[in-house]
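User: Hey, can you walk me through this one? I'd like to go strand by strand and then look at the pockets.

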Amino acid sequence: RTGRGAFELLWSYPMQFNAFERNKQGTGASRRLRNSGRAPGIVYGGTAAPALIEIDHNELWYALKKEAFHGAVLEMNLGGAAQKVLLRDVQYHPYKPQVLHIDFQRVDANTKLTLKVPLHFNGEENSSAVKIDKCLVTRISNEVEITCLPADIPEFIAVDLSALTKGQTIHASDLSLPKGVAIAAHGKVNPVIVSVSTPAAEEAPAAE
């Protein structure tokens, strides 16, 4: 079976998907592959050589709509063997609903990874900044880059905004991180996640 129904049967932890070895490469071969309902890809990393793969496009398209597919450790079934991988890059067609190419990285259980995970915000409407001071809450980023072992990768990081006050700023260092997880700053000094600003005062009516 192929399509959404078949892929739903594979949803478990870790998330699983089927891939197949791809023998031909090049622009023409990739175009023919896409026309046949498959998406070309590659899996790299670890001690093995990079492997060219192809995936059922409909199953892949549905999987990419799942937030966790972008940050969780995935189990790729390739040639009868299971491999732990992480999604690294997806190239989409500029206007068609089509995946042009996808990249996966092999995962070593004992090697730390650097990846982006989504931020889930809650409680903004209950904060004094919003309820009392009518401030504007700006979410500077909806994701954060972390570093951790594969087993410690969180599905998301929750950000509680219920205690926000007028003029407050939330930085990456203010986030409550799961055990074993650290922020990957890459030289940036404590990036801003959320800012609170006072709305501009209404202009006074013009004199008659």
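Predicted model: local features only at pLDDT ≥ 70, side-chain atom pairs only at ≥ 80, totals over all residues.

User: OK, and how many bridges join strand 5 to strand 6, and which way do they run?

Analyst: Seven bridges join them, and the two strands run antiparallel. The hairpin between strand 5 and strand 6 passes through six residues.

User: What about strand 4 and strand 5, how do they pair?

Analyst: Antiparallel as well, over five bridges. On that side, methionine 76 sits opposite glutamine 83 of strand 5.

User: Which glycine takes a positive phi in the hairpin of strand 4 and strand 5?

Analyst: Glycine 79, with phi near 60 degrees; that hairpin has two residues between the strands.

User: Zooming out, in what order do the six strands close into a barrel?

Analyst: The order is 1-3-2-6-5-4, and the pairing is mixed. From one strand to the next, the twist averages 45 degrees.

User: Where do strand 2 and strand 3 come in, and how many bridges do they pair over?

Analyst: Strand 2 covers residues 38-44 and strand 3 covers residues 51-56; they pair in the antiparallel sense over six bridges. One of the contacts to look at is arginine 38, whose bridge partner in strand 3 is aspartate 56.

User: Which strands does helix 2 lie across?

Analyst: Helix 2, residues 27-35, lies across strand 2, strand 3 and strand 6. Its direction is at about 125 degrees to strand 2.

User: Switching topic: what's the strand order in the open sheet?

Analyst: That sheet has four strands in the order 10-7-9-12, with mixed pairing. Strand 10 (157-160) and strand 12 (182-183) are at the edges and have a single partner strand each, so one side of each is left without a neighbour in the sheet.

User: And how is strand 9 joined to strand 12?

Analyst: Through two bridges, with the strands running antiparallel. Threonine 147 stands opposite alanine 182 of strand 12.

User: Let's do aromatics. How many aromatic pairs does the structure hold?

Analyst: Three. Among them are phenylalanine 17 and phenylalanine 69: their ring centres are 6.1 Å apart and the planes are at 70 degrees, so this pair is edge-to-face.

User: Where do phenylalanine 17 and phenylalanine 69 lie?

Analyst: Phenylalanine 17 is in strand 1 (residues 15-21), while phenylalanine 69 is in the loop between helix 3 (57-64) and strand 4 (74-78), so the pair ties together parts that are 52 residues apart in sequence.

User: Last topic, the largest pocket. How much space lies in there?

Analyst: About 330 Å³. It is lined by 16 residues, and the closest to its centre are His70, Gly71, Leu87, Lys116 and Glu143.

User: Which strands each supply at least two residues of that lining?

Analyst: Strand 5 (81-92), strand 7 (113-122) and strand 9 (143-148).

User: And how does the lining divide by residue type?

Analyst: Six are nonpolar, four are polar and six are charged.

Terms used: Residues numbered from 1 in each chain as written. Heavy atoms only, no water. 1 Å grid on protein atoms, 1.4 Å probe; cavity = no way out; pocket = protein on both sides within 12 Å on 5 of 7 lines; lining within 4 Å. Points joined across faces, edges and corners; volume = space filled by probe spheres on them. Nonpolar A, V, L, I, M, F, W, Y, C, P; charged D, E, K, R; others polar. Pairing = 2+ DSSP bridges. Axes fitted to C-alpha atoms, helices over the stretch in contact; angles between N-to-C directions. Contact = heavy atoms within 4.5 Å. Phe/Tyr/Trp six-rings, centres within 6.5 Å; stacked < 30°, edge-to-face > 60°.
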